[in-house]
Amino acid sequence: MSKIDVRLVREKVENIHALPTIPKVLNKLLGVIENPRVSLNEISNFISGDPALTTKVLRMVNSPVYGFPGRISSVNQAVILLGLTVVKGLLLGVSVFDLMQKTMIGLWEHSIGTAIFSRIIAVRKGHKEPDEVSVNGLLHDIGKVFLVLQFPEEYEKALNETQESGVVIYEAEKNHFNTSHASVGSWMARKWRFPLGLIDVIEYHHKPHLTKNTPLESSIVHIADILVRARGYGFPGDNLIMPVQPEAWELLGLTEKDLVEVLKEAEDSLQMTEDLTL
Amino acid sequence: MPKVTLDNLEPGMKTAKPVVNNTGMVLLGENTELTAELIDRIRNMGVDGVCVHGAARPSKPKEVFLAELDDRFRNVGGDPHMDIVKRAMQIHIEGLYEQN
C-alpha cells in the first residue's frame, strides 16, 4: 500500500506555524510557551488577557483531573499552585481541546481519562510531581491531532484499518505513515521546547522499556492508557487494547487489588469529567 | 460523586454539591435528600445535572458492559498481565452495579 513519506510528516511538523489548519490563538500561545525564559507572570498575563482562554484554564484546573476541584478562582492562583511546567502543558491541552473535538470524537475523553489515571498511579507510587505526570497523560496522544489535521484522508484509512484488521491505531499508523503518533507528538513537543521529560513520555508511551530518562513516567502513562481503554472511556482511534509492556508492569508492581482500587478511585472523576467541555 | 442528568434522578438520592441553575443561583443546598416534588421543580429551572452521593447506575446493562470488555480484550487473551487487568476491570464493573 502507498505510504506517506515520513520526511514529509517531519517537514510539516517543523513548519507547524505556517500550517493553515493550526488556529491563530494556538500559534500565539505557542509563541509564549516556546520561550524557555518566560516567567509565571507573563504566562499569567497572557491567559488573563484572553477571557475565553481564562475560562478554559479555570474549568480545567477546577475539574477532578487535579486535586483541588472547585477552589481556584483566578489564573494567578492556578499558575502559582500548579507551577510553570504544568500550566504550559495544561494550556496546550485546553487549546487543542477544540481541535480534538472537531477531528476525532472521543480523543479528548481518552486524553482526560489518561491524565486522571496517570495522576492516581503517580500518587500511589509516591511520585513527587503527580500533576506533571498527569499533564504527560493529557498530552500523550497529541501527535494524533496533528496527523488527523494534516493527513485526514490517510488517517481515515488508518482508522478503517483498525476496524477491518483488528489492529490498534498505533500499528495502523505505522502501516500508513511509516511512523506513529508517538514520534510525531515528540517532534511537536521538541519543536515547542517542552520539558525533556514530557517529550520523552510522548515518544515512549508505547514502549516505556526503551527510555533511559523517564522509565517511571513513561510506564505510568503507558498503563494509564491501557486502563482508560480497558474502562472503555473515550475513543483513542480503535476499540481495542494493546498488551502491557512487561518491564513497565514489573516497574510499577501493581497487583490485581491495586488495579481495582485505582479503577474505583478514578471512577468518580471519570464520570464527573465525562461532560467536561471547555 | 457522579453528575446525574435530570432524567435519571430518583427520589432518595442526596445532593453532593449545591444545585445551581445556569445563572449560578443556588436552588438546593448540599446534602439535600431529593423527593419527587423537588425533582419535578428543578426540572424546569435550567439545571443541567445534579451531583449526587454514591455511584450512579451505569447507563448500560451489566451484560453489555462485560461483553464490550471481552471484545476490547480479544487480541490480548492469554497475556498473563492483561488477564490481571481484565479481571480487575470485571471486579470493578461488578462493583458499579452492586452499589445500587
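The legends below describe close-up views of a predicted model.

**Figure 1. Packing of helix 2 and helix 3 in chain B.** Helix 2 (residues 62-72) of chain B packs on helix 3 (residues 80-98) of chain B at an angle of about 165 degrees, and the two axes are 10 Å apart. Helix 2 of chain B and helix 3 of chain B are therefore roughly antiparallel to each other. Their crossing is right-handed. On helix 2 of chain B, the contact is formed by B:Lys62, B:Phe65, B:Leu66 and B:Leu69, which meet B:Lys86, B:Met89, B:Gln90, B:Ile93 and B:Tyr97 of helix 3 of chain B. By class, the residues of this contact comprise 6 nonpolar, 1 polar and 2 charged. An α-helix has 3.6 residues a turn, so residues three or four places apart point the same way.

**Figure 2. The side of chain B that touches chain A.** In this view, 21 residues of chain B are in contact with 23 residues of chain A. On the side of chain B that touches chain A, the elements giving two or more residues are helix 2 and helix 3 of chain B. Helix 3 of chain B supplies the largest share of that side, 10 residues. The residues of the side of chain B that touches chain A divide by class into 12 nonpolar, 4 polar and 5 charged.

Figure 3. B:Gly46 and B:Ser59 are 13 residues apart along the chain, and their C-alpha atoms are separated by 22 Å.

Figure 4. The buried residues of helix 12 of chain A are A:Leu198, A:Ile199, A:Asp200, A:Val201, A:Ile202, A:Glu203 and A:Tyr204. The elements that cover them include helix 5 (75-103), helix 7 (130-139), helix 8 (142-150), helix 11 (181-191) and helix 13 (215-230) of chain A.

**Figure 5. Contact of helix 12 with helix 13 in chain A.** The axes of helix 12 of chain A and helix 13 of chain A come within 9 Å and cross at roughly 45 degrees. Helix 12 of chain A and helix 13 of chain A are therefore oblique to each other. The crossing of this pair is right-handed. Helix 12 of chain A contributes A:Gly197, A:Asp200, A:Val201 and A:Tyr204 to the contact, and helix 13 of chain A contributes A:Glu217, A:Ser218 and A:Val221. The contact of helix 12 of chain A with helix 13 of chain A has 3 nonpolar, 2 polar and 2 charged residues.

**Figure 6. Contact of helix 7 with helix 13 in chain A.** Helix 7 of chain A and helix 13 of chain A have axes that come within 10 Å and cross at roughly 55 degrees. The two helices are therefore oblique to each other. Helix 7 of chain A passes helix 13 of chain A in a right-handed crossing. The contact joins A:Val133, A:Asn136 and A:Gly137 of helix 7 of chain A to A:Glu217, A:Ile220, A:Val221 and A:Ala224 of helix 13 of chain A. The classes represented in this contact are 4 nonpolar, 2 polar and 1 charged residues.

**Figure 7. Residues A:Asn178 and A:Arg193, with positive phi.** A:Asn178 has a phi near 60 degrees, a positive value in a residue other than glycine. A:Asn178 lies in the loop between helix 10 (169-177) and helix 11 of chain A. A:Asn178 is partly exposed, with 15 other C-beta atoms within 10 Å. For A:Arg193, phi is near 55 degrees, a positive value in a residue other than glycine. A:Arg193 is placed in the loop between helix 11 and helix 12 of chain A. A:Arg193 counts as partly exposed, with 14 C-beta neighbours inside 10 Å.

Key. Residues are numbered from 1 along each chain as its sequence is written. Chains are lettered from A and ligands numbered from 1 in the order in which they are written. This is a predicted model: local features need pLDDT of at least 70, side-chain atom pairs count only at pLDDT 80 or more; totals for chains, interfaces and linings use all residues. A residue is buried if 20 or more other C-beta atoms lie within 10 Å of its own, exposed if 12 or fewer, and partly exposed in between; C-beta atoms are placed from the backbone. Helices (H or I, at least four residues) and strands (E, at least two) are DSSP runs, numbered from the N terminus. Two residues are in contact if their C-beta atoms, placed from the backbone, lie within 7 Å. Axes are lines fitted to C-alpha atoms, for helices over the stretch in contact, and angles run from 0 to 180 degrees between N-to-C directions. Angles under 35 degrees count as roughly parallel, over 145 as roughly antiparallel, 65 to 115 as roughly perpendicular and the rest as oblique. A crossing is left-handed if the near helix is turned anticlockwise from the far one by less than a right angle, and right-handed if clockwise. Ala, Val, Leu, Ile, Met, Phe, Trp, Tyr, Cys and Pro count as nonpolar, Asp, Glu, Lys and Arg as charged, and the others, Gly among them, as polar.
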